[in-house]
Amino acid sequence: MTYAYYPGCSLKGTAIDYHTSAMALAERLGIELKEMEDWVCCGASPIHQRNPALASGVANLLLSLSKGISPQVAVLCAACYHNMKKAEVEMREDGKKRSEVEEISGIAFDPEVRTRHFLDILDKDYGLNALKEKVVKPLSDLRVACYYGCLLSRPPEIAFDDPEQPTIMERLLEAAGAETVSWSHRMECCGASHAVPLTHAVLRLVNDILQSARAAGAEVIACACPLCQANLDMRQAGILTKFGVAHNLPVVYFTQLLGLACGATGKEVMIEKGMVSAAPMLRAKNLL
Amino acid sequence: MSKIGVFVCHCGENISRTVDCERVARASEQIRGVAFATDYKYMCSDPGQALIKKAIREYELDGVVVSSCSPHMHEKTFRKAVEEAGLNPFLCEMANIREHCSWVHEKEETTTRKAIELVRLMVEKVKRNVALEPIRVNVTKRALVIGGGVGGIQAALDIADGGHEVILVEKDPSVGGHMAQLSETFPTLDCSQCILTPKMVDVGSHPNIKLYTYSEVEKIEGFVGNFKVTIKKKARSVDIDKCTGCGECQLKCPSKKIPSEFDRGLKNRTAIYIPFPQAVPARPVIDREHCIYFTKGKCKACQKVCPAGAIDYEQTDEYVEEEVGGIVVATGFDLYTVGEQGPYPDYRGYGEYGYGEDPDIIDGLQFERLASASGPTGGAILRPSDGKEPKSVVFLKCIGSRHPSKGIEFCSKICCMYTAKHTMLYKHKVHDGTAYVFYMDIRSPGKGYDEFVRRAIEEDGAVYLRGRVSRIYRSGDHLIVKGADTLSGAAVEIEADMVVLATAVMPQPGIEGLFQKLGISYDQYKFANEAHPKLRPVECATAGIFLAGACQGPKDIPETVAQASGAASKVQILFSRDEMLREPVVAKVNENTCIACWYCLEVCPFKAITQKEIRDRKGNLIKRVAEVNPSVCTGCGTCAATCFSNSIDLAGFTDEQIYSEINALMAVGQDLFPEPGKEEGESPDEQAA
């Protein structure tokens, strides 16, 4: 099982723990994530606001880098996945769009290529049963709130699970022995990049999300997007100042929890990196 | 030598604006076999038809080509005129120089030439036409009605009152359908049961109606006027002749926690049950999946308590055969399920609304049960979770409907009205409550309909918000409904006690199985297709089968009843004669060349072809061949096109006729098109000769 791996900028910077834990997990599972060479930023959220054709052109360039590795491109970041999958689907279905994008990027689109989120790879290609067999340290007695945010499964054209009621993260973490909670805010927006210009709005959104997760009895939030993780984790201090609420709820990547379950060490999955560290809680449960 | 008349119509200016009709007539005279040709402004008018008749008599014509519009438009008209002049109507053909020529081309020389070509090929065809006689079919004057909802009930009663026997088949233990579940009906707010149950009783006691409840149509053979139907009577486990309907068995049944289908899961029923008190027949049925005796082998509580000895655990499914002449399909609808485990796997649900997870999020039919006097709460509006009276109820319209990304593009038509009704029923019972409605558009055409919606808003104070809801989630005692009010542009958040989803109207799950047995077509959503959306809305493309109600598309009660009466009158037209006449344009098999490959059998959409055995005088089988039943064949020609050995021909469209048309087009060295004013050449056929 070899995939052409596109990390994207965040995973080599602020979300290095996402990257590192995913690599550790993949290694334990026997999945090869081979990093593509010479990759560039996907353009994140600004690019398609300014120039949609250019956004698709960048995606086409990135997809073309998978040549020689695998037509299956593995992506971890929700925003990268969104940009690349959207362009890929559009190009496959709309001939006019495709020639426009091919012209702007100067690269022929390969209709065989597929953008795949790592969650989808674990679920469909690897399989829950195979994953269960690799679990050496079940996440027993750990109550996880799976958080999808707004980007991961929407719009429906790019979804790899039910776009409005996904269960893929729950299924994977339950396969690793965790208990997942049913909660209301799993699909709400975290405020994304508004954290910079409109901090107060983001504080309110994040506070609602954390409150809902805690009310459902969660001990940790699992997510699959660097920006979601940053907002939910980093803004807890601001919430304490502004609303006087101390959530103290660790926010980790699903790869970190699955990695631990499959025998990776806390260091290998960089579990100590979060602002609100998950380490004490996990240690108390004998998971570290 | 043929003596064919060609009649070129100007169609006012429709044809003559781009085609030189006079020239077409003059050129037609040159075609070998044409004895007379003329043009006229309106050939379909009385004088036009008189002109044709006169020419037939005067020139002793043996074939007629009317060069005018599409045969869809006036073939019948002209064939009738020809018949009145003493000629067999099937010796008249139409050359379509309007839709196929004048309407689609500019005024040019080639346009007139094309018209002449079209006339010429039709002349060649008519030369080879033979007189055909209509087919006579016997009619069995009994009807089958499938479905015992209000549509089926109305159709059955109308046909029965017309003096004909009716077989009414209903899959559930009682007739009544969805209408029996409703509380009040729009736009008059009269009680649904009060107007329906008398009709249910009539159906149960009418001397001309034979009622099969808890039964399904298993097999259908035959054709219009002569259907043979096999009906499966599912084992009720109760002898309905012995049973008196006393209900003792229901009281004693220990298996009591089965969600009632009639109350849409808002109340439980027992394993032996009468679906609702007004059921017809008021006889119970044992649900074998949940019965303790059938699942665990012992119990028999109902048998012990039954004073009539009517419980029969040994009963098996029974198959009965009935012969009928016409069929009314009234299988109705079901609601699109918004939860994950819906019966329609192709359609994505609304996970974001939490239907099926939160008991206070219900659908429209569940609200009907809550508001109904015979419902689980006795008509009090109480929310399912804790039985409290909800002080704020949010109604969401277009759940599934008009939402292509959920798989459905159509409008369910009834929801705007029933949601307005729901808000009224709610406000009439909970005076201090608030009803909110999220809508995309308010569609209320119909007699008294818009007035009704205005009343809900203006008199009963329902708060209508134009926009969609993005999420519903629970927060303590309330449901938080997040949506947009697109008129004010504001995001709206409502604390609701209960949410009602107006889910899309869909056909009964799996109904396409029945449609396939009947040989009727259906659309992508599995709604049955009518023969023509405007002019034949009650008929199916298959002769003798008619549609009533929501099996064809979303419909409210008045429309369903109207269509059911329409279907019933169509059946009675069919039954008004002992014999019916059908067009003789049907397929015929050449038994000498048929190689018995049976491809025709497979492709025939109307099941008109069967295997026929040919035997010698001693009764030994010589060969098997395909045989077309002319009473069923519609003359579509699929078999003729498929036949491997060229053994099937369609009367009126034989290979010889079609090839002669093609040859006429391909013929070379002909000049039928002299420029106006030039000397006319010799007829091409004569040249060729």
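**Briefing: backbone, sheets, domains and contacts**

Ala192(A) counts as buried because it has 20 C-beta neighbours inside 10 Å. The cut-offs are these: a residue is buried with 20 or more other C-beta atoms within 10 Å of its own, exposed with 12 or fewer, and partly exposed in between, with C-beta atoms placed from the backbone. The model is predicted; local features need pLDDT of at least 70, side-chain atom pairs count only at pLDDT 80 or more, and totals for chains, interfaces and linings use all residues. Residues are numbered from 1 along each chain as its sequence is written, while chains are lettered from A and ligands numbered from 1 in the order in which they are written.

- Most residues other than glycine have a negative phi, and most peptide bonds are trans.
- Ala192(A) has a positive phi, near 45 degrees, and is not a glycine.
- Ala192(A) sits in the loop between β6 (179–180) and α9 (199–215) of chain A. Helices (H or I, at least four residues) and strands (E, at least two) are DSSP runs, numbered from the N terminus.
- Asp38(A), also not a glycine, has a positive phi of about 60 degrees. Its loop runs between β2 (32–35) and α2 (44–50) of chain A.
- Asp38(A) counts as exposed, because it has 7 C-beta neighbours inside 10 Å.
- The Arg154(A) to Pro155(A) peptide bond is cis, with omega near -5 degrees. Pro155(A) lies in the loop between β5 (143–146) and α8 (168–175) of chain A.
- In chain B, the bond from Val280(B) to Pro281(B) is cis, with omega near 0 degrees. Pro281(B) belongs to the loop between β15 (272–273) and β16 (285–286) of chain B.

**Strand pairing in chain A**

- β1 (residues 2–6) and β3 (residues 72–75) of chain A run parallel and are joined by three bridges. Two strands pair if DSSP finds at least two bridges between them.
- Ala4(A) has Val73(A), in β3(A), as its bridge partner.
- β3(A) also runs parallel to β4 (residues 114–117) of chain A, with four bridges joining them. There, Ala74(A) has Arg116(A) as its bridge partner in β4(A).

**An open sheet in chain B**

- Four strands of chain B form an open sheet with parallel pairing, in the order β2-β1-β3-β4.
- β2 (34–40) and β4 (92–96) of chain B are at the edges; each has a single partner strand, so one side of each has no neighbour in the sheet.
- From one strand to the next, the twist averages 20 degrees.
- β3 (residues 63–68) of chain B pairs with β4(B) in the parallel sense, over five bridges. Ser68(B) is opposite Asn96(B) in β4(B).
- Helix α1 (residues 21–29) of chain B lies across β1 (4–9), β2 and β3 of chain B, at about 175 degrees to β2(B). Axes are lines fitted to C-alpha atoms, for helices over the stretch in contact, and angles run from 0 to 180 degrees between N-to-C directions.
- Helix α2 (residues 46–59) of chain B lies across β1, β2 and β3 of chain B, at about 165 degrees to β2(B).

**Domains**

- Chain A is assigned domain 1 (2–119) and domain 2 (136–284). Domain bounds come from an automatic or database domain assignment.
- The centres of domain 1 and domain 2 of chain A, taken over C-alpha atoms, are 24 Å apart.
- In chain A, 24 residues of domain 1 are in contact with 28 residues of domain 2. Contact means that the C-beta atoms of two residues, placed from the backbone, lie within 7 Å.
- On the side of domain 1 of chain A that touches domain 2 of chain A, the largest share, 10 residues, comes from α1(A).
- The C-alpha centres of domain 1 and domain 5 of chain B lie 35 Å apart.

**Between the chains**

- Eight residues of chain B are in contact with six residues of chain A.
- The chain B side that touches chain A has two nonpolar, three polar and three charged residues. Ala, Val, Leu, Ile, Met, Phe, Trp, Tyr, Cys and Pro count as nonpolar, Asp, Glu, Lys and Arg as charged, and the others, Gly among them, as polar.
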